[in-house]
Amino acid sequence: MAKYFDVHPENPQRRTISGVADNIRSGALIAYPTDSCYALGCQLGSRDGIDRIRSIRKLDDRHHFTLVCQNFAQLGQFVHIDNDVFRAIKAATPGSYTFILPATREVPRQLLHPKKKTVGVRIPDHVVAQALLAELGEPLLSSTLLLPDEEEPLTQGWEIKERLDHEVDIVIDSGDCGTEPTTVIDFSGDEMEIVRRGAGDTARFE
């Protein structure tokens, strides 16, 4: 059964966040809130975590996993960014965007798109997610908590606990965080491409 933590949305309990981070380091798969719906998350190098996320969401090997980072400095360790792209992403973070970029050698091979060698990265604008990332000290490997054959992600912690009680290890509930996933922007090709329009405003990129 999954552990369930009710976390204050503005002043997350330090002890709870610290305990969740310790569990992640020990291999736990969590469901946690972001600024654009809930996500599944595990430690960066966890092959078991990746397999469990693929199983829950019924994903193939072409799916872009996301590295959810605490800040821009951390993000820069995992992707290659030229000056123009740097300015565009810097101006939009933190926020409800996922950016697809060429990966550095710091990214585990199993996270890369098999042909493009790219990875998705983002910096959330959510107090609880930021507190967890600060405590963890490294990115969370993540994927939107959108179940197969459903049009909208799960948004209520209690419902996630009910439906995924035997598939995740921890559920963090800090209230409703919306149903719209991130806007996904691909900077890995010769021209920028808006892959998915979501919670982030695309006007600044058009």
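Strand E7, residues 140–144, is largely enclosed by the rest of the structure, because four of its five residues are buried. Buried means under 20% relative accessible area, exposed means over 50%, and partly exposed is in between, with a 1.4 Å probe and protein chains only. Helices (H or I, at least four residues) and strands (E, at least two) are DSSP runs, numbered from the N terminus.

Before going on, how to read the values. This is a predicted model, in which local features need pLDDT of at least 70 and side-chain atom pairs count only at pLDDT 80 or more, while totals for chains, interfaces and linings use all residues. Residues are numbered from 1 along each chain as its sequence is written, and side-chain values use heavy atoms, with hydrogens and water left out.

Back to E7 and its partners. Two strands pair if DSSP finds at least two bridges between them. E3 and E7 are antiparallel, with five bridges, and in this pairing Leu 40 is opposite Ser 143 of E7. Strand E4, residues 66–68, also pairs with E7 in the antiparallel sense, over three bridges. There, Val 68 faces Leu 140 of E7. As background, side chains in a regular strand alternate between the two faces of the sheet.

Next, the cores. A nonpolar core is a set of buried Ala, Val, Leu, Ile, Met, Phe, Trp, Tyr and Cys residues joined through side-chain atoms within 4.5 Å. Which residues touch the most other members of the largest nonpolar core? They are Leu 67, Phe 99 and Leu 145, in a core of 43 residues. At least two residues of this core come from each of strand E3 (37–43), helix H2 (47–57), helix H3 (72–75), helix H4 (83–92), strand E5 (97–102) and strand E6 (118–122). There is also a second, separate core of 18 residues, with Ala 28, Ile 30, Leu 132 and Leu 136 among them.

Contact means heavy atoms within 4.5 Å. Setting aside neighbours within four places in sequence, the contacts of Leu 145 include Tyr 38, Ala 39 and Leu 40, as well as Pro 153, Leu 154, Ile 160 and Leu 164.

Now the pockets. On a 1 Å grid over the protein atoms alone, a pocket is an open set of points where a 1.4 Å probe fits, with protein on both sides within 12 Å along at least five of seven lines; lining residues have an atom within 4 Å of a point. Grid points are joined across faces, edges and corners, and a volume is the space filled by probe spheres set on the points.

The largest pocket holds about 510 Å³. Of its 32 lining residues, Thr 66, Thr 144, Thr 182, Val 184 and Arg 196 lie nearest the centre. Strand E2 (30–34), E3, E4, E5, E6, E7, strand E9 (183–186) and strand E10 (193–196) each give two or more residues to the lining. For residue classes, Ala, Val, Leu, Ile, Met, Phe, Trp, Tyr, Cys and Pro count as nonpolar, Asp, Glu, Lys and Arg as charged, and the others, Gly among them, as polar. On that count, the lining of the largest pocket has eleven nonpolar, 13 polar and eight charged residues.

The second largest pocket has a volume of about 150 Å³. How many charged residues are in its lining? There are five, beside two nonpolar and one polar. The lining residues are Arg 47, Arg 54, Asp 61, Arg 109, Gln 110, Leu 112, Pro 114 and Lys 117.

Lys 117 also has a backbone feature: a positive phi of about 55°, although it is not a glycine. Lys 117 sits in the loop between E5 and E6 and is partly exposed, with a relative accessible area of 44%.

Asp 149 is another residue other than glycine with a positive phi, near 65°. Asp 149 is in the loop between E7 and helix H6 (157–163). Is Asp 149 buried or exposed? Asp 149 is exposed, because its relative accessible area is 84%.

One more item on the backbone. Thr 93 and Pro 94 are joined by a cis peptide bond, with omega about -5°. Pro 94 belongs to the loop between H4 and E5.

Last, Gln 43, in strand E3. Gln 43 counts as partly exposed because its relative accessibility is 24%. Leaving out neighbours within four places in sequence, Gln 43 contacts Ile 24, Arg 25, Glu 138 and Leu 141.
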